[in-house]
Amino acid sequence: MTTATSLAPVAERLTRSVVQVLSGPGGGAGVAWAPGLVVTNAHVTRAKAAGIVGPDGAQVRGRVIAWDGRRDLALIRAPVELPCCGTGDPHLRPGELVFAVGHPLGVTQAVCAGVFQALGKLPAGLRLPRLDPRLDWIQADLRLAPGNSGGPIADALGRVIGISAMILGGLGLGVPSPEIEAFVKANR
Amino acid sequence: MSTLTAFSEQLANAVARASQATVSVHARPKLPSTGVHWKDGVVVTTEATVQRDNDITLTLPDGKRVPATLVGRDPGSDLAALRIDQGLLPVAERGDPAALRAGHLVLALARLGDGGPRAAFGAVSATGGRWRSWKGGELALRLQSDVRLYPGFGGGPLVDAEGLVLGINSGGLSGPLATTIPANTVDRILEQLLTRGSVARGWLGAAMQPVRGGVVLLSIEPEAPAALAGLLVGDVVIGIDGRAVDSLEPLLTFLAGDVAGKNVTLDLLRGGVRTKVDVLIGERPRRTR
């Protein structure tokens, strides 16, 4: 297999764990983290209930069981039978390949590829006043757009290192997987 | 290891290699910009990101913060040179920008303060010959890519897949595509900045406008080279040293080169009659900051 074609199978495998989260005027993406549990961003679903659309287009009703506005995470219980994503260590080297799956501007299950930049606090001068400066972020050269929120960011092997949460100065920001893992563990 | 992870490793290795000569430049409020240790004791960055002449510091790859002094700046090519102590870090390893073709994979690097290196990835979009930037500087070749220059990436290196430095990325010269000042142009400008602190550009001291077949002089500054040579308002320049001038472009390109202090012969139409006038090209007065 050539380098140019080898992302396709990895991405295809990951898209099977990615859902659409329908909630009021917003909505975004989500990822099947554990059996019956979908992780997304808190800003994607502000209501108690959300529609979950699987990769096959089938929609089920989900219930938000935990919500962390500061870390921008929400946990949804939904009767989805999807393969759960595998997780990976977000401590990549700058320049390593990463890719994201989401539904940017309504294009469903869209893949975008880029490279890892940093894991940690945002550099001074690139901070938003409403963001807690103590938060750690995956910072990646990924062209995210509204609709990517809540979708996975994965390494070259398809292991989920975090979920897309925000765009800042064009930079893709994600919540690191260990924090998601802890959030899911504490609330399941 | 899969092909993809091998490729991913190669990109990370390229970043690690080039990052050894990539520094953070603190010469503006808030977000720092990036610089490249171009030769021992000399760091190159973009002119527009050096917003003060004093109190400039650099963060080196090992996290150390060191003072730097401004050697000179050239707004035309958007380059500035800073001096630091010698032997503090490795000198950038150079690639060949002239060998690039559209489609070659490249990375842009940055260092924002005391964090690790940052990278953006993309492909060369277009290459071409000599051109003149909208700021007036002449660049040896056109090098544009689809890498995204994030905040703080200005002044950083564009590197190839091996991590060899191809040039300096300029936010100010970039449009929808990222523009890189090629390494050979950096060398040429740096030489002038190190010897005289600025880049001399040719100056006539006349306002001009293109007309059919040439360029007409609309006004002439007193004591300027055009005035000293006896040029008159209304003269139409149609050639320089035998080369045709049929629009502003050839004249501006000529003046952007290393021509200050040289004698040239202008071909003119004066009152409809062809004539020749010798002009001693002056040096464009430096813009005060």
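This is a predicted model: local features need pLDDT of at least 70, side-chain atom pairs count only at pLDDT 80 or more; totals for chains, interfaces and linings use all residues.
Strand 13 of chain B is mostly covered, since six of its six residues are buried, where a residue is called buried if 20 or more other C-beta atoms lie within 10 Å of its own, exposed if 12 or fewer do, and partly exposed in between, with the C-beta atoms placed from the backbone. The strands and helices I name are DSSP runs, numbered from the N terminus, with helices being H or I of at least four residues and strands being E of at least two. Residues are numbered from 1 along each chain as its sequence is written, and chains are lettered from A and ligands numbered from 1 in the order in which they are written.

Which strands does strand 13 pair with? On one side, strand 12 of chain B and strand 13 of chain B pair in the antiparallel sense over three bridges, and pairing here requires that DSSP finds at least two bridges between two strands. Within that pairing, Val159(B) has Val165(B) in strand 13 as its bridge partner. These two strands also make a hairpin with four residues between them, and in the turn Gly163(B) has a positive phi of about 90°. Strand 13 of chain B is also joined by four bridges to strand 14 of chain B, residues 178–182, and that pair runs antiparallel; there, Ser170(B) has Thr179(B) in strand 14 as its bridge partner.

Now please follow the sheet around. In chain B, six strands form a closed barrel in the order 7-8-11-14-13-12, with antiparallel pairing. On average, and ignoring direction, neighbouring strands of this sheet are turned by 45° against each other, the axes being lines fitted to C-alpha atoms, for helices over the stretch in contact, and angles running from 0 to 180 degrees between N-to-C directions. Helix 1 of chain B, residues 3–19, packs on the sheet and touches strand 7 (105–111), strand 8, strand 12 (157–160) and strand 13 (165–170) of chain B, and its direction makes about 45° with that of strand 7 of chain B.

Between the two chains, 26 residues of chain B are in contact with 26 residues of chain A, and contact means that the C-beta atoms of two residues, placed from the backbone, lie within 7 Å. Helix 1 and strand 8 of chain B each supply at least two residues of the side that touches chain A, and the largest share of that side, ten residues, comes from helix 1 of chain B. The residues of this side of chain B divide into 16 nonpolar, seven polar and three charged; by this scheme Ala, Val, Leu, Ile, Met, Phe, Trp, Tyr, Cys and Pro are nonpolar, Asp, Glu, Lys and Arg are charged, and the others, Gly among them, are polar.

Let me step back to each chain as a whole. Chain B has four helices and 22 strands, its C-alpha trace spans about 75 × 40 × 30 Å along its principal axes, and buried residues make up 45% of its 289 residues. The domain assignment of chain B, which like the others is automatic or comes from a database, gives domain 1 (1–199) and domain 2 (202–283). The C-alpha centres of these two domains of chain B lie 36 Å apart, and their contact takes five residues from domain 1 and four residues from domain 2.

Chain A comes to two helices and twelve strands. Its radius of gyration, taken over C-alpha atoms, is 15 Å, close to the 16 Å that the globule rule gives for 188 residues, so chain A is as compact as a globular protein of that length; the rule is 2.2 Å times the number of residues to the power 0.38.

How far apart do the C-alpha centres of domain 1 and domain 2 of chain A lie? The assignment places domain 1 of chain A at 12–84 and domain 2 at 97–185, and their C-alpha centres lie 16 Å apart. Their contact takes 26 residues from domain 1 of chain A and 22 residues from domain 2 of chain A. Strand 2 of chain A gives the most to the side of domain 1 that touches domain 2, with six residues.
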